[in-house]
Amino acid sequence: MNIQFNTSHKLHLCKIPVLAVALSLLLMSLISNRASAQDRTITLDEAVKLGIANSKVLKLSQSKIDEAVSQYNQVRDNVLPTGSVSFAYNRAEIPYNHLAFGENGINLPKSANAYLGIASLNETIFAGGKFKYAQESNKLLISISRLDADKDRDQITYQIINAYYNLYKVLQSQKVVKQNLETIDAQIHQSQRFFEQGLVTKNDVLQFQLQRSNVELTGIDLENNRKVINYDLNILLGLPESTQLNINQITEANRELGAMNNYIDTALNYRQELKQLDLRGKYAETNIKTINANTKPTLAASVGGYYVDASGNPIPKIGNFITPVTLGLTASWKFSSLWTNKNKISEARIQRDEVEINKGITLDNIRNEVNQNYHAYQTALDKIRLLQTSIEQAGENNNILASKYKSNIASATDRADAETLLYQAQINLELAKADAGLAYYTLLKSTGKLNK
């Protein structure tokens with residue numbers, strides 16, 4: 001806010017209360033501080049760190065890893081002995097308690113009490129390796145979950161980089177628009193002076209004004225795009241939605257390209273999809289072993305203790321109860337699994353083969369992806385070199401026509417066209433630099449080394 005004081009009203013100003021002036025200045029200071037607090041200049045590294053730290057997707061990925069670890073621990077618990085303790089009380093009422101056997105028969109009591117306590121411990125000694133294979137399978141699932149998290153991390157990082165470079169493209173384009181508006185304003189001022197001197201026609205002035213309107217329309221579109229990208233990036237980074245992000249400069253896209261085969265080899269070594277398929281192949285093999293284990297016999301040991309008391313008094317008394325202890329060894333074999341497991345094993349082998357086929361498809365896709373991104377980055381670097389030359393040519397052409405226009409040799413249309421060509425070349429170069437930077441990170445992502 002700008003406050004201008006007119007010297008002709010000094011006496012009126014003296015009547016303004018000092019407190020009101022102080023409050024006004026304080027309010028202006030608070031507004032200024034608030035506005036500056038909402039602006040933030042951020043580097044690419046800071047953006048990536050913020051995005052990873054605040055990503056809800058990565059938090060969900062970590063939750064899935066924790067779930068897989070918990071399931072693994074549950075499988076390990078299955079190897080531990082199982083035990084149980086129970087105590088029961090029973091009372092029997094016997095309304096008809098006489099059994100006739102011969103002359104005397106048997107007379108039972110009218111009622112009877114019984115206490116029964118049981119404690120048992122069971123341990124599986126051999127189960128065909130099922131527990132072992134179950135642990136191996138869950139270990140593999142943990143590793144697969146961690147690779148999923150790595151893949152999500154790469155995807156989040158790339159989304160942030162993509163939004164960051166898109167914001168840079170818009171901000172740089174806005175700078176170019178601002179520079180060109182200043183230049184066009186100078187041209188309009190000059191053409192108006194020429195018109196007043198009778199050196200140019202009114203149409204010449206209108207040509208520059210029309211050019212300014214077209215540049216302003218471009219600026220409106222750019223501002224709308226900036227707001228959308230800025231909002232999306234704030235969400236990705238976990239920043240307040242009102243934060244205005246600024247980017248001073250990005251790293252120049254001048255990284256030299258190596259041989260394409262080197263990038264492909266790197267991708268084959270680092271891509272999470274291939275590592276996951278290797279683990280899924282091992283998981284399929286373990287699944288076959290688990291199904292085979294169902295055809296083998298099992299051996300289990302048990303120990304049990306009993307407390308049997310037929311007296312009515314719940315307090316144990318010598319002579320009224322017995323405590324038998326049992327030791328057991330149980331061997332069992334469900335031999336029908338020899339023929340019922342056949343199709344299950346066939347299905348498991350088909351699943352293993354599908355993993356191998358899928359790996360071959362993924363290998364081809366990765367090679368194609370790296371090849372495409374490699375040439376895209378190469379093309380982006382070539383465009384920068386060509387656009388740098390075109391800016392030099394457009395600048396020279398603009399200077400020539402500016403001189404001719406001042407000498408009244410070139411028309412206003414030619415002058416405006418030259419200015420437009422230079423303006424477009426400048427925008428194209430900034431966009432090409434950002435595209436090249438993004439293309440480099442796209443290539444890096446396809447090799448699996450974006451976060452390494």
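Is Trp333 buried, exposed or partly exposed? Trp333 is partly exposed, at a relative accessible area of 46%, where buried means under 20% relative accessible area, exposed over 50% and partly exposed in between (1.4 Å probe, protein chains only). Please keep in mind that this is a predicted model, in which local features need pLDDT of at least 70 and side-chain atom pairs count only at pLDDT 80 or more, while totals for chains, interfaces and linings use all residues. Residues are numbered from 1 along each chain as its sequence is written, and side-chain values use heavy atoms, with hydrogens and water left out.

**Aromatic pairs**

- The structure holds 11 aromatic pairs; rings of Phe, Tyr and Trp (its six-membered ring) pair if their centres lie within 6.5 Å, with planes under 30 degrees apart counted as stacked, over 60 as edge-to-face and the rest as tilted.
- One of these pairs is formed by Tyr165 and Tyr441, and it is tilted, with 6.0 Å centre to centre and 55 degrees between the planes.
- This pair links distant parts of the chain, as Tyr165 belongs to helix H5 (residues 130-196) and Tyr441 to helix H11 (residues 412-446), 276 residues apart; helices (H or I, at least four residues) and strands (E, at least two) are DSSP runs, numbered from the N terminus.
- Tyr165 counts as buried because its relative accessibility is 1%, and Tyr441 is buried too, with a relative accessible area of 14%.
- Phe335 is partly exposed, its relative accessible area being 47%.
- A cluster connected by ring pairs takes in Phe87, Tyr89, Tyr115, Tyr307 and Phe321.

**Charges over rings**

- Lys445 lies over the face of Tyr158, at 5.6 Å from the ring centre; a charge sits over a ring if NZ of Lys or CZ of Arg is within 6 Å of the ring centre and within 35 degrees of the ring normal.
- The face of Tyr270 has Lys449 over it, at 5.0 Å from the ring centre.

**Nonpolar core and surface patch**

- The largest nonpolar core has 65 residues, and those with the most contacts inside it are Ile161, Tyr164 and Tyr165; such a core is a set of buried Ala, Val, Leu, Ile, Met, Phe, Trp, Tyr and Cys residues joined through side-chain atoms within 4.5 Å.
- Two or more residues of this core come from each of helix H3 (44-54), H5, helix H6 (202-237), helix H7 (260-270), helix H10 (342-406) and H11.
- H5 gives the most to this core, with 17 residues.
- Leu99, Phe101, Ile106 and Leu108 make a nonpolar surface patch of about 360 Å²; patches are made of residues with over 30% relative accessible area and no salt bridge, like charges being joined within 9 Å and nonpolar side chains (Val, Leu, Ile, Met, Phe, Trp, Tyr) within 5 Å.
- Accessible areas come from the Shrake-Rupley method with a 1.4 Å probe, and for residues only the protein chains shown count as cover.

**A buried glutamine**

- Gln276 lies in helix H8 (residues 272-293), and at 6% relative accessibility it counts as buried.
- From Gln276 to Ser143 the C-alpha to C-alpha distance is 8.1 Å, although the two are 133 residues apart in sequence.

**Salt bridges**

- There are 13 salt bridges, each being a side-chain nitrogen of Lys or Arg within 4 Å of a carboxyl oxygen of Asp or Glu.
- Arg212 and Asp185 join their side chains in a salt bridge of 2.4 Å, N to O.
- That pair links distant parts of the chain, with Arg212 in helix H6 and Asp185 in helix H5, 27 residues apart.
- Asp185 is partly exposed, at a relative accessible area of 32%.
- Glu285 and Arg352 meet through their side chains in a salt bridge (3.3 Å, N to O).
- Because Glu285 lies in helix H8 and Arg352 in helix H10, this pair ties together parts that are 67 residues apart in sequence.
- Both partners are partly exposed: Glu285 at 34% relative accessibility, and Arg352 with a relative accessible area of 24%.
- Arg352 also forms a salt bridge with Asp353, the closest N and O atoms being 3.7 Å apart, and Asp353 is partly exposed, at a relative accessible area of 38%.
- Asp185, Arg212 and Glu216 form one network, joined by salt bridges that share partners.
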